[in-house]
Structures are given as structure tokens and as C-alpha cells.
Amino acid sequence: MSWHLKSTEEALSELGSSREGLTEEEARQRLSEGGPNELKEQAGRSPFAMLLSQFTDFMILVLLVAAVLAAVVGEPGDAVPIITIVIINALIGFVQEYRAERAMAALREMSGSSATLLRNGRTLTVPAREIVPGDLVLLEAGNVVPADLRLVETAHLTAVEAALTGESLPVEKGTEPLADPELSLGDRLNMVYKGTVISYGRGLGVAVATGMTTELGRIAAMLQSAGEARTPLQRRLASFGRRLAVAILIICAIIFALGFLRGEPLLLMLLTAISLAVAAIPEALPAVVTITLALGARKMVRQNALIRRLPAVETLGSVTYICSDKTGTLTLNRMTVEAVFVGGAVRRGEDVCVMDEPGRLLMTAIALCNDSRVDTKGTLIGDPTETALLSAALACGFDRKTLENDFPRVAELPFDSDRKCMTTFHSTSDGIVAFTKGAVEVVMMRSATMLGTSGECTLDREAITRATDDMAAGGLRVLAVARRRWEYLPEALDSETVERNLVFVGLVGMMDPPRDEAADAVAQCRTAGITPVMITGDHPLTARIIAQRLAMIEEDGDAVINGRDLANLTQEEFERRVEEIRVYARVAPEQKLKIVKALQDRGHFVAMTGDGVNDAPALKRADIGIAMGITGTDVSKEAAAMILLDDNFATIVKAVREGRRIYANILKFITYSITCNAGTLVAITLAPFFGLPLPLVPIQILWLNLLTDSLPGLALAAEPAERDIMKRPPVDPQEKIFSGGRGMYVAGYGILIGAIALAFQSFAISRELPWQSMVFTFLVLNRMAVALAVRSDRQSLFRIGFLTNRPLCGAVVITFILQLAVIYIPVLNPVFVTAPLSGEALAMTVALALGMLSVSELQKVLLRKMRRG
């Protein structure tokens, strides 16, 4: 029901209440019928169910089966690494999911724990959960509003509604009914809502909605139903894992059957098939992905981006739209004086501090007619408008303490929402001076003359109006300042006596300006193929001006839409236009969710930033929700996957760069691992067809897998970002693991590695060399060559530089040393079925592995020429 349209008496009548409040009996009955004033939570999964769900992935199940078989028919030690990796991966996944379920708990905590009510004409304090529709609630500064209230009485009442509506400044409240049925929450000035905070004054309101029927309750319902989108990598790896596992099991079954038909021992072939399955499935992949994401997350914390859910790190690489809040993210979240009108002219920038007589008087006035203060740490405390004025005066050299010593305040008329101005009186050497500041139309109406560069002159209303309109068109909030001198302090300190016949001093234009680094970050987004969009609860004009200053939009009016117009669009009409819109103003909570869904329906990956309760459903539904660390509510932080510790849009762009690097490195590991595994698989599968014995025994397969998938695989996670990473388009959300030529690379090099291994085996057998140790060592060293080759699919290894990834260099050296130990330490020879190699045999093996690296470098040269062509 649109309670803001009704008068206070109509609201009380329809709710069956009065100005005396409900009776205790009526309140108990309503509580019994309607239930408590609290947010209901859907029954979530138990921690045990969350833990079990981590073992349902198909590839994980195959690994567990292989581990059990290896332990039963082979050596129990073979199963330990696999089971360890699976358990670590499951625990990390469990922790992430458990933390994600805490958003509703934070939302419930926003409700006030108790409230002061008027029942039967008596004041009493009750738990907030016992409030029912029709109750009269007393409000004062500092209270958390316990229910949705239609205001009945107000005394200078203001509320901070930023968490719910996105409005950055405290909102003045009244009781008069409003005429527009389609007003957004932020414009319903006779209402206050559950979870918002009273910042000033007193009031009395009748509860019109409680519990899940409040605006906060509607958000809670959306938060429960919003669901959480799976990340691109989760989707790709799930599909990839299922297909790979099935393919490998089929191949292993074929190898087992062929070996058995050739007369190989049954146990040997069973162990070989199991070992091959374990080797071919990149069981280190979950751990490498998790560790890569964790290392990336640690690095991102140093860049002021805190990752709450690890998979969100790589999601950043696929983001095509960043839907950002305005206040505090794109702007400073600090009102700043940007222009003044004084001495008959508008002054901007450094000219604000030009100190002629009118300029000095204006700065003195805004410093003295001001209730903000500077604390012991030098921080400005008070209303955002007044702190902006005091900051401007301080910046121009007007010290507040000095001025107060010279002109002590002796009286005041506080700000009143009806008068729309305030006046302070100060003692001077020749009497009393009064400074008045307030709404332009009010101060101008009460002024008789104005101050020009040569002293008092005729009040030029047209010039003042032009200057006001010019500032307002630039998105500035404009206040007027005036002065009046008195011989003595007036006896009657009332508005009609003292706030008339004023001397108009000037205008002050303020706004929350864009961050300096935001414009560059927006430009980087465009270069990277990402579309930045502003979604704010602020007014359309303010949003448009900020967007233009950041080059998010041009002068195109179609790029800006307000919440009311958005509500009038059908879903089909909106989805047709959504890619053209860059600024959304005065939007309701469900509309933020609607915007995210519409972009996702168009195939985009959406990052959504926000700080308020109203942002939580969209943060949870977005592909990556980004909450504000400084101004963000607990609800938004719990719903988000990433938290900006500095509330800075530029940090998002840094995070996107890091996300792209991490995603690229994960793909490099997958390419490396599957290519090398494919080579081993080809060699073992085709050996019987060429009349060759199995090139590797089970223990060698497991060693090859354990040694080369661990250190080099993890070292690839440290690969620096390629130079042009932010000049490439976002990762296509529909892209498969083997898209972009990776499938051809894996197949081509896998076959080549397998073929060379078999040819090398045949050569070594013909020369009566220790062929198995040579093939074994070649496959190990070849994997090191592939690890170096996949560092870039575009740039030569020599151009990148060997030492730009020191961990990988170290991993290559350590792997080489460990393989030599397996070959040359006598006690290890029987364990790994190896024999020492002569210098010549080792040189041939190393040269063959380096030859594979040379092939890769040659391929890159050809590809670069083709791209240039």
C-alpha cells in the first residue's frame, strides 16, 4: 500500500490506531495473528551436507576410486597424495560455502533490538520483534528504525537512508502527504524504513509494515531467492572434468584389454591402467587452481581488494560490465566546494580563494555560521554540507579558532526545515554581526541589497538566479550566504525579526566530486573491452554530471534512465535497451537485481558494486559482487565475493588485471598438464601397436605425475601478466577450456611428444641402451620444456626472459636434480626401475627435450607472422 499518499489521520484510521497508540490487548492479538517483527530465514544446508557436497564432482569421484584401487591392488602409499589433494580441496570449498551462508544473519542484525512505543497513551520500551502494524514508535537521533513507519510528527527529523536507497546525504523528513504514487523510496519524505538510522531531531511514526513485509524484508526475500551464479571457471572445469574423466577411463580400459590380450601379466596391466588413469587425470588441478587463486587473492589484498570467495578471482577475467555505485566509489564520498558566486561573478577552482573584500567575507561567514568541528586528529566532524564549507574556508587560510576568538558566537537560530536556513550572531568590536546561510530562494527573498566588489549595491536577482542555475546545471548543490549588522544583540531572536533586510554575500556550490583516478580507471575499462555503468540512488542530474566528467557517457540522453522510467519498461523492452544505458538513477532494490539479470540474459558477465542493504540481492546474483569496505554494511559484505578496502573504483580495474592474469595462468597450467599427460598416454597406448614393450612402469607413471604436476604447475601460478593483458577483450563467458587454439596445441603436441618418445624408445632398444630410463627421463625433461613454452602463446621465451618467473626456473632446476637422483642414486634404482645413464645417453635425452622447446619457439614465430599478415 502507498502509505506516503495518505494523510496521517487516514493512515491511523486504516491501521485501526490512534494518536494514543494501540491497546496492549490489541497489540498482543496482532502479534499472534501477524507474527513477530523479524526477518525469516530459509532453512539452509547443514555444515555436514556442505562438506559432503564437495565430493560430488565427477573427476573427484574418479580420483577417489582410483586411489582406493591403487591402495588395494598396489601400494597404499600411491593413494596418499591423491586423497590428500582431494581432502584439502574439499575443506577449502566447504569454508567458502559456509561463509557465504552468513548474509542473512548480518541482515537480521540491522533490525533494532528494542524500540520505544506509545501504547494506551503511555510510553514503554519493548523488544523490536514485538512491534505490530498500528503501533506508534518514538524516534530520536541515533535510533535504528525498527519497522517501516508513516511519520505522524517530526521535529527537525533527518534520517540516513544510504544503506537502503543509496542517497548519500541525510534526508529531511516531514508529515505532509505526497501526491505521486510512483515516488521512489528515497523521495518518500514522510516515511522512514526499517534498518535506516535517525541522524537528527525527533519524530513519531505509525508502523505500517513489520518483518518480511517491510522494505528490508523484501530485500531479505530477494537475497534468499537471488541464488549465486557459478563462476566461468567452475562451469568450464565441471564440463571439462566430466569429459576428460570419461575419455581417460575408456582409454585405460582399452590399454588394459590390449595388454591382457598380448599376454602381459594381469596385475601389471591393472596397475598400469590405474596408474595411467591417475597420471592422465590432472588431480593436481583442483589444488593448483585453489593455490593460484589464493596467491592471487593475497596479492590483491595488498592492492586493497579483499577476496571472500576464491573462485571470484578468476571471474574478474570474464567481466564485461562493471555496475558501480556512485558515492564513494566513483566519487570521494566527501562534499567539496567547487564554485562560489561572489562580487557579481562565478569563481571556480583556485579562484575560489581570491581574497578581495567579498571573498574574505564569504569565507568568514561559512566558517563561523557552521556547526561542524575539527577533532584532535584533524578530522572534520559534522553534517557533510557544513564540513565541506569549513574545509573550503580552511583551505583558503581562514582558521576557525582564530575567527571564533575574534568573533565569538553569542546566539543562534538553528537550521529549520520550514525556514530552510540558519543564522549565527557574533560579537565584534563595533557591535554584532549575523551570518545567515540556507536555500538560495529563501536567503534571496530575505535580502535587501548585495555585496559587490565596491561595497553594498542593488540586489541583482537575475544575476543570482543565473549563477544558481549555472551551478545547479553542473550538478552542484547551491547554498546562499548573507550578512546583517546590529548595534546590539536583538531581544527577539525570531526569524521574522532578524532574518530580513539582509545583505546578500554570495553563493557556494558543492558536490561530491569524482575521484582523480576514477577517470583513468574508466578509460582502462574501455580499452579492456569492459563497459562501466553507474547505478545509484542519487538524483539523475547529479549522476549524469559525474558520468560525463568520467567520460562514461557523452551528451546522449538515452544513456541515462531513472527508476520510474525503468519500472515502466517491460522486461523485453529493457533487455533490448540495456546495452545502451550507462547511468541508472533513483533505482529501487529490485531494479538493481533486474539490471544484473538483464545483462546476464544478454550474455554478459557482470560485476556489481554496492555498499547498502539495497545492493545485497544484486551483489549475490551478480557474477562477482563487490562490496565497499569502508562504507559498506555487513549485509553487503556478506553477500559479496570481493570487498574493496579503499572503496575505490580504480581498485576494481587493478583487480580485473589480476583476475585476467590468474585466469590466464590457470589455463597455462591446464594446457601444460593435459599436453604432457596426452604425450604419456599416446606413448603407452601406441607402444603395443608397434611391437614395443610398455615404455613406463606404474611407479614411473606416478612419479612423473607427482613430480612434474606439483612444483612446475604451482610455479606457473606466479607467471607475471603479459604486457597487453588489459588491451585484450574480456574472456568470452562461453569460451571452452580448449578454445583459442588450446585444443589443437594439446592434441598436436601430445601426439608429437608420444611419437618422439616411441621413436626414442625404439632407437635406444636398437642400440641396447637403458631405454626405459631414457624415455622416462625424456618425458620428465620434456615436461619442463613444455612448462617454459606455455608461459606465453604469443611472445618468445627469450623476449619474456627466463628470470621473469624465478619460481618456475627454480622448479625446473629442482625437478631436473630429483630426476637425476632417481637415475643415479643406486638405492633408488630398484624402487623406480631405473638404471644409470652414460653421459652420451643423458646428453641425447636433454637435447631431445630442448628440441621440443625449439619447436614451440618456431611455432610462435610463424604465428606472429600470420597475425601481422
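Predicted model: local features only at pLDDT ≥ 70, side-chain atom pairs only at ≥ 80, totals over all residues.

Which residue in E23 is the bridge partner of Met 534? I found Val 583 there. Residues are numbered from 1 along each chain as its sequence is written, and side-chain values use heavy atoms, with hydrogens and water left out.

**Entry 1, the sheet.** My labels are DSSP runs numbered from the N terminus: helices are H or I with at least four residues, strands are E with at least two. I call two strands paired if DSSP finds at least two bridges between them. Both strands sit in an open sheet of eight, ordered E8-E26-E25-E24-E9-E21-E23-E22, and the pairing is mixed. Strand E8 (305-307) and strand E22 (560-562) are the edges; each has a single partner strand, so one side of each lacks a neighbour in the sheet. On average, neighbouring strands here are turned by 20° against each other, direction ignored.

I then followed H26, which lies across E8, E9, E21, E24, E25 and E26 and runs at about 155° to E9. Contact, for me, is heavy atoms within 4.5 Å. Angles run from 0 to 180 degrees between N-to-C directions, on axes fitted to C-alpha atoms, for helices over the stretch in contact. H26 (residues 649-686) also meets H28 (residues 742-766): their axes come within 7 Å and cross at roughly 40°. That makes H26 oblique to H28 (under 35 degrees is roughly parallel, over 145 roughly antiparallel, 65 to 115 roughly perpendicular, the rest oblique). Among the H26 residues touching H28 I listed Leu 667, Ile 674 and Val 682, and on the H28 side Tyr 745, Tyr 749 and Ile 753 are included.

How many disulfides does the structure hold? I count one, taking a pair of cysteine sulfur atoms within 2.5 Å as the criterion. Cys 353 and Cys 396 form it, with sulfur atoms 1.8 Å apart. The link is left-handed, at -75° about the S-S bond. It ties distant parts of the chain, 43 residues apart: Cys 353 is in the loop between E11 and H13, Cys 396 in the loop between H14 and H15.
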